[in-house]
Amino acid sequence: MERIITMLASGLLREEDTQRPPSEKRWDMVRRWLLVCESEHQTCSHNRRTNSGGDPWFPSRLIDVRSTTGDDGHERYLLIETATTRPEGSRYLTLSHVWGSAREDQQPAYRTLRHNYGDRTNPAIGIRRDELPPCFVDAIDVTKKLGEHYIWIDSLCIVQDNDRDWEVEAGRMSDVYRNSYCSLSATASSSSRDRFPALDERIQEPRFVNTAWGGRYQGMYQIFDPSFWLDRVTSTKLASRGWVFQERALAPRIVHFGVDQLLWECAEFEAAEEFPVGVPRRFISSGRRGFKWQFNLAGSPTSDSGVAETEAEPRSAPLQLHAMWSAALDNYTQCELTKGTDKLVAISGVARVLADQFRDQYLAGLWQSNLVGGLCWRVSGMRRATQELVPVGGYARRWETSRRASPPAPYLAPSWSWASVDGCVVPGPFLSAGEGGGHGSTRSLVAVTAVVAEPETLDNAFGAVKPAAEMRVQGTMYRLVATESEPPFSHISLRYAAGVGSAGIVSVHLDQPEPLEALITAWFLPVLLAERHVVAEPADTVVKEVVQKAANQPQRPVSESWRAKLKRKGKGLLKRDASKQAELEREPTPASSAAAGNTAAANAAPAGESSAMGLIVVPTDDGRAYRRVGFHECPGHILETLGQGSGDSCATGEFVLV
Ligand SMILES: [Zn+2]
């Protein structure tokens with residue numbers, strides 16, 4: 001029992017635990033996870049928001065779980081207004097759950113509405129336990145079990161038939177989850193009518209076996225399932241819900257009620273009944289840290305306790321914001337929303353926290369500090385776990401599932417924002433607006449002169465935007481010519497109007513399937529140029545190679561700032577840029593993913609060459625502006641050839657993107 005002894009030594013299990021009834025052992029374990037997280041995890045202990053008087057922040061309403069029994073013998077809980085009834089202590093829990101897809105789940109009887117609000121907040125009446133769905137009853141019981149008094153549950157604490165109340169409270173959602181002590185997550189339930197599974201079952205103990213073989217590998221081993229975390233947390237219905245993404249990202253710590261056991265998740269630690277001292281990292285995610293570590297919104301960008309500390313090299317604040325936002329988009333755009341119009345609203349809590357933390361301006365889903373890089377998102381070939389493959393021409397084409405909102409559908413976002421598309425999105429690269437207009441080896445090819453992105457409601461500057469949103473950019477566009485008629489695939493073949501020898505055919509990543517006719521007057525608007533280097537050797541070899549390349553092949557557009565930085569700072573800087581570059585190289589690029597068939601000739605940018613990324617745009621019906629329909633990447637040197645084309649094959653000036 002070597003492992004058990006280790007657990008005893010680490011303080012996660014105590015001798016007397018073995019004597020406790022199984023159900024109690026489970027709660028002792030959760031209490032201990034909470035204790036360790038609070039007292040030992042620097043990354044998890046963020047500065048909780050306080051009011052001006054230094055009092056802890058509370059949501060407008062909470063459920064007081066200390067029940068009373070009414071005259072009728074029914075157990076009742078009180079809905080309190082925290083502005084008038086000061087909660088005891090400073091803590092409250094939250095619940096993350098799926099409402100359910102059945103009709104009765106969308107308009108459930110247990111909701112707080114204008115007509116029952118008075119009763120629910122009246123200490124003499126309150127909310128009857130038997131009116132509540134099993135999921136809420138379990139959440140209330142667990143809250144009590146953990147010694148806490150208050151829990152926040154969306155459909156009870158927001159007046160559901162009061163639009164004004166909903167808008168105000170939904171705008172506070174980021175604070176509600178972020179300031180909570182812990183979130184209880186009904187991870188294995190598919191509706192609020194489900195109970196938390198596994199609560200009545202025996203606690204799942206770690207399973208050990210003693211090997212029968214001898215020799216070097218003889219010993220005690222723990223048995224586990226490699227998809228342990230994936231099946232119980234990552235690939236659940238709850239985790240696929242758009243609104244739940246930010247609840248999970250913002251809550252400092254989460255107890256998941258999994259299909260067969262309780263699981264723990266915070267920025268520094270993942271555990272489960274079977275793995276009380278930690279789930280092996282390699283079963284959480286391959287090569288990367290866990291979900292909550294990626295969205296550790298706790299530390300300030302400059303503080304030692306923030307994300308920067310855990311990186312090999314400290315990163316600049318905009319770059320750190322970019323890394324976190326990219327991870328957020330990668331996760332969030334894989335989730336589904338019941339109401340498509342919630343696209344910007346359901347991630348607005350995370351955006352709000354990042355804007356505060358990094359003091360950056362948020363514009364319809366993009367950040368001021370990386371506007372040009374932010375334009376270079378593309379729809380990924382990846383499909384959502386819940387989506388079916390779409391059969392097209394004898395093949396199942398999974399990327400056909402992306403859809404762009406267009407009239408008569410309600411307006412979601414400007415076409416240059418990822419939020420205008422319902423589909424999995426690969427975020428663009430990082431490009432700072434700093435010295436020389438570029439970071440490392442990436443530089444801008446356009447100047448953004450104005451962005452208009454007015455919020456739909458004043459209560460949520462990070463939510464939906466008004467339809468008049470637009471961006472003005474100065475740059476050069478190159479005309480594309482439709483070449484062949486194909487079914488409306490997301491990848492489509494066009495030709496540069498200027499022609500670049502045999503490499504004229506280009507493969508375009510469309511944001512949604514479009515017929516070729518829709519692209520009769522399409523333009524390529526390159527917005528950034530990225531250098532690509534193979535970084536496999538030690539840094540000093542790379543220094544030599546890059547310098548040689550710059551010397552021997554001056555026609556290749558190695559950016560001035562890159563060369564100057566190499567000379568000025570030498571290896572140290574290159575190492576850092578090189579590691580960033582290596583990160584970029586690992587990402588599947590549109591060029592490499594399109595490198596199939598004969599249309600890829602003009603698209604694959606070999607290592608060591610620059611690569612131009614930009615938007616495929618078409619004029620709007622009134623001809624006043626352009627709207628994005630896709631993304632394109634080509635070798636940087638092609639731009640020079642395109643620029644030499646005839647007068648109508650390229651256009652330079654200021655363009656309005658809507
Ligand atoms: Zn923690």
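Two residues are taken to be in contact if their C-beta atoms, placed from the backbone, lie within 7 Å. The model is a predicted one, in which local features need pLDDT of at least 70 and side-chain atom pairs count only at pLDDT 80 or more, while totals for chains, interfaces and linings use all residues. Residues are numbered from 1 along each chain as its sequence is written.

The chain has 19 helices and 29 strands, these being DSSP runs numbered from the N terminus (helices: H or I, at least four residues; strands: E, at least two). Of its 658 residues, 44% count as buried, that is, with 20 or more other C-beta atoms within 10 Å of their own; 12 or fewer makes a residue exposed, and anything in between partly exposed, with C-beta atoms placed from the backbone. Among contacts with a separation of 6 or more, 72% link residues 24 or more positions apart.

On the H12 side, Ala317, Leu321, Met324, Trp325 and Ala328 meet Val350, Leu354 and Phe358 of H13. The residues of this contact divide into 8 nonpolar, no polar and no charged, where Ala, Val, Leu, Ile, Met, Phe, Trp, Tyr, Cys and Pro count as nonpolar, Asp, Glu, Lys and Arg as charged, and the others, Gly among them, as polar.

Helix H5 (residues 134-145) sits among strands. Its buried residues, including Phe136, Ile140 and Val142, pack against E1 (61-69), E2 (75-81), E3 (93-96), E5 (150-152) and E6 (182-185). Just past the helix, Gly147 takes a positive phi of about 80 degrees.

Two of those strands pair with E1, pairing being called when DSSP finds at least two bridges between strands. E1 and E2 run antiparallel over 6 bridges, with Asp64 opposite Leu78 in E2. Their hairpin has 5 residues between the strands, and Gly73 there takes a positive phi near 85 degrees. E1 also pairs with E5 in the antiparallel sense, over 2 bridges, and Ile63 stands opposite Ile151 in E5.

Further along, Gln222 is found in strand E8 (residues 220-222). Gln222 counts as exposed because it has 12 C-beta neighbours inside 10 Å. Gln222 and Pro206 are 16 residues apart in sequence, with their C-alpha atoms 7.0 Å apart in space.
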